[in-house]
Amino acid sequence: MSTPNNTDLVVIGGGPAGVSAALTAASLGMRTILVEAERIGSKLYAIGSLENLAGGWTNGPQLAKALTADVERLEATGACEVVHGRAVSVGIQEHEAQVSLDDERLLRASAVVVATGVASLGPGDVEWLVAPDLATPEQLWRTKPAALDGHGKIVVLGADRPLGTWLRAHPDADVSLHVLHPESDRYKTEEVARDPRVYLEETKHARLVPIPGGIRVTSERAEGGFHTFAADVVLMNAGSRPSALPGLTTGTDGYCPADAQHRRILIAGDLKGSRMQRIAIAMGDGQRCALTPYYERALPTAARVADSPSQGSVQV
């Protein structure tokens, strides 16, 4: 089923970047559709501490509920339509952008903002880690301290930023975390190095094998030698990968540079690159993406950019 092209902007993703884009577009009188597969701000519900976000927010659920209220207000006034579904691809057909959903619906608009963000890495996504027979571990940032009660050796794979966030969110958690991480994560360990609940071990390579009652871990230490021990619980914290949709131009790292896309496809938030992945930056970027087509359509026809990919884009 295809919707008629009477929409100015389709926004894919109901996180901070996507909601910010939808709010801005609706405030400018643009006919807007927001596509979300789960619930507004879904990933925020697992963030227990927000210390570097202006506005007095202390945790992710607070912000998620505020974003949900924003979207509900837009729906109630008719300024934005929320479509529940999962986008599976984006594309350009003649003079419009198109978004395909997993239920075969096709959304059409003058432009599309893609704010699908990133997904957490699993064992098979990490070069320094081999764990072919291990069930996919729980992500640290989704784990509640109560789930770790009664367990002995807790191993965290990777020293990505959520480690510090988790520790700040649970200052009274009585845990001991053995963190294996590659050299590339070393600079991220500074904020947790003095926490007595953390033991940091830099590794060149680690192998995990299920054994009765736990997991055998063999680490090739950065300073030399091997360290083999048994773990009761293994948690992932190795970083993230971009949730790029088919139809987008991607770089060698899998992210989607904004200036490499067709001019009707705008990339917002964490999907743009691995650096500067912060909530406040994503919000501002969502606004930028909504303002871009708004000001472009206000230009005289002769002054508009040609309906073609951005200059210097790399086609895939």
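Author: Contact here means heavy atoms within 4.5 Å. The model is a predicted one, in which local features need pLDDT of at least 70 and side-chain atom pairs count only at pLDDT 80 or more, while totals for chains, interfaces and linings use all residues. Residues are numbered from 1 along each chain as its sequence is written, and side-chain values use heavy atoms, with hydrogens and water left out.

By that definition, and leaving aside residues up to four places away in sequence, L163 touches L140, L177, V179, V192 and N237. L163 belongs to helix α3, residues 162-169, where helices (H or I, at least four residues) and strands (E, at least two) are DSSP runs numbered from the N terminus. Its relative accessibility is 1%, so L163 counts as buried; buried means under 20% relative accessible area, exposed over 50%, and partly exposed in between, with a 1.4 Å probe and protein chains only.

The part for the close look is helix α2, which runs over residues 60-77 and has 18 residues. From its first C-alpha to its last α2 reaches 26 Å, close to the expected 26 Å, a span taken as 1.5 Å times one less than the number of residues. G60, L63, A64, L67, D70, V71 and L74 are its buried residues. They lie on the same side of α2 because they cover an arc of only 120° around the axis, the arc being that of the directions from the helix axis to the C-beta atoms. On the face turned away from that buried side, α2 carries the exposed residues K65, A76 and T77.

At the N-terminal end, α2 is capped by N59, a side-chain oxygen of which lies 3.0 Å from the backbone nitrogen of Q62. Just after α2, G78 takes a positive phi of about 80°.

For the setting, the chain has four helices and 18 strands, and buried residues make up 47% of its 316 residues. Among contacts with a separation of 6 or more, 57% come from residues 24 or more positions apart. The C-alpha trace spans about 65 × 40 × 35 Å along its principal axes.

Key: Polar contact = N/O pair within 3.5 Å; in protein donor to acceptor, adjacent residues only side chain to side chain.
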